[in-house]
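The sequence and the structure come first.

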Amino acid sequence: MKANLLHLSVLFLFFSCNDLKKEYYDNGNLKREYYELENGYLDGTYKKYYKNGNLEVLSKYVKGHEKDTTIFFYDSKLPKIKAKRVHSDSVCAKQIEYSSEGYVKKEGYVCFDDLLKIGKWKFFKKSGRVDFIREYKLINDKPYLNQIWYLNKVGDTLYTPSKYFKVQLIQDTITIGEAILGAALMKSPFFKKEASAIRVFLPAGEENNFLPDFSNEREIKLDTFYNLIADKENQENFIGFSKPYTAAFGKWFKKTKGKYNLRGIIEESYIEDDTILKATKMYFEMPIYIKDTILPEPESQKVVLNY
């Protein structure tokens, strides 16, 4: 008898901590139903409905956090999936969005509580092939369209509508006292009808760096690296490369050791009479590693690359 009473008390405790709550529209139809813990966190199955009674959202919560897969439905009598959001243990979730006809329209990752787009998003045609890819970066806490690639039927990148770049380092591991050397190449410029050109900005000094969302861009001193039209010393190292759309850069590390996230900005601008008429920015981040061995003081800070 005592065992049965103990069992009943445990069941009572469980249900008292997970109360099923229901909310209704003014027309009397169910709006939401969910389980809520005493501390206000959602826990268990969550359902949301359209005002006409059709199911809109079906998800699962564990102590206030969405888990597994959240499913969104079109407003129809028969459930028709509009989107899926696949959750993991990170702050980001993979999101897949569907057309009303049932094919995948686009997929990518959303992050944080605001569900901001981040990383590369693929957009599909009805046939299932990738139409174009967009890369989003979080700049000042907002999604920023950083690059875009349009693809043809066989998956090759189309030059004209695309906008993308490439940043390449000679090596991603250096020793204290060395410089990290690299180059930015504008593979498909944004201003294709004007005589634009690029330059690269890096934080000045090894103590400074851009924040992950580049929100301190205007607050720190920057080093500027110009394209090969101005940087004549590096022209011989880039034979065959487009001079206005290639810029070599370098950054010295005399004290820093360990992992370092090299962040920089590529600016493409159209200049006339020393006045910038149009400009666009692209942001990059590359991990590098600095080994703990001091080298002799370098004689020159000239950036030389053989591409």
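Buried means under 20% relative accessible area, exposed means over 50%, and partly exposed lies in between. The model discussed here is predicted. Glu 36, with a relative accessible area of 17%, is under the 20% limit and is therefore buried.

**Salt bridges**

Eleven salt bridges turn up in a search of the whole structure. Three of them are listed here.

| Salt bridge | N to O distance |
|---|---|
| Glu 36 and Lys 21 | 2.5 Å |
| Lys 278 and Glu 194 | 2.9 Å |
| Glu 285 and Arg 263 | 3.2 Å |

The side chains of Glu 36 and Lys 21 meet at 2.5 Å. This pair links distant parts of the chain, with Glu 36 in strand E2 (residues 30-36) and Lys 21 in strand E1 (residues 19-24), 15 residues apart. Glu 36 is buried, whereas Lys 21 is partly exposed at a relative accessible area of 34%.

Lys 278 and Glu 194 form a salt bridge at 2.9 Å. Lys 278 belongs to strand E19 and Glu 194 to the loop between E14 and E15, so this contact ties together parts that are 84 residues apart in sequence. Lys 278 has 37% relative accessibility and counts as partly exposed.

In the salt bridge of Glu 285 and Arg 263, nitrogen and oxygen are 3.2 Å apart. Glu 285 is partly exposed, with a relative accessible area of 34%, while Arg 263 counts as buried at 10% relative accessibility.

**The five-stranded sheet**

Strands E18 and E19 also belong to an open sheet of five strands, whose order is E13-E19-E18-E15-E16 and whose pairing is mixed. Its edges are strand E13 (173-175) and strand E16 (222-226), each of which pairs on one side only. On average, and with direction ignored, neighbouring strands of the sheet are turned by 35° against each other.

E13 and strand E19 (residues 275-291) run parallel and share three bridges. In this pairing Thr 175 stands opposite Lys 291 of E19. Strand E18 (residues 258-272) pairs with E19 in the antiparallel sense over 15 bridges, and Leu 262 faces Met 286 across them. Two residues separate E18 from E19 in their hairpin, and Asp 273 in the turn has a positive phi of about 55°.

At the other end of the strand order, strand E15 (residues 197-203) and E16 are antiparallel, with five bridges. Pro 203 stands opposite Leu 222 in E16. Phe 225 is also found in strand E16 and counts as buried at 14% relative accessibility. The C-alpha atoms of Phe 225 and Arg 199 are separated by 5.6 Å, although the residues are 26 apart along the chain.

**Two linked hairpins**

Strand E10 (residues 130-139) pairs with strand E11 (residues 142-151) in the antiparallel sense over eight bridges. Phe 132 stands opposite Tyr 150 in E11. The hairpin of E10 and E11 has two residues between the strands, and Asn 140 takes a positive phi near 55° there.

E11 pairs with strand E12 (residues 157-169) as well, again in the antiparallel sense, over three bridges. Tyr 150 has Leu 158 as its bridge partner in E12. Five residues lie between E11 and E12 in their hairpin, where Gly 155 in the turn has a positive phi of about 90°.

**The disulfide**

The structure holds one disulfide. It joins Cys 92 to Cys 111, with an S to S distance of 1.9 Å. The torsion about this S-S bond is about 105°, so the disulfide is right-handed. Because Cys 92 lies in strand E7 (residues 92-98) and Cys 111 in strand E8 (residues 104-111), the pair ties together parts that are 19 residues apart in sequence. Cys 92 is partly exposed, with a relative accessible area of 21%, and Cys 111 is buried at 2%.

**Further buried residues**

What does the side chain of Asp 43 reach? Its contact is the backbone nitrogen of Lys 63, at 2.6 Å. Asp 43, found in strand E3 (residues 42-49), is buried yet has no salt bridge; the nearest side chain of opposite charge, that of Lys 63, is 7.0 Å away.

Ala 183 lies in strand E14 (residues 179-188) and is buried, with a relative accessible area of 0%. Between the C-alpha atoms of Ala 183 and Asn 227, 44 residues apart along the chain, the separation is 9.7 Å.

Definitions and conventions. Residues numbered from 1 in each chain as written. Predicted model: local features only at pLDDT ≥ 70, side-chain atom pairs only at ≥ 80, totals over all residues. Heavy atoms only, no water. Pairing = 2+ DSSP bridges. Helix = DSSP H or I, 4+ residues; strand = E, 2+ residues; numbered from the N terminus. Axes fitted to C-alpha atoms, helices over the stretch in contact; angles between N-to-C directions. Disulfide = S-S within 2.5 Å. Buried < 20%, exposed > 50% of the residue type's maximum accessible area, 1.4 Å probe, protein only. Lys, Arg positive; Asp, Glu negative; His and termini not counted. Salt bridge = Lys/Arg side-chain N within 4 Å of Asp/Glu carboxyl O. Polar contact = N/O pair within 3.5 Å; in protein donor to acceptor, adjacent residues only side chain to side chain.
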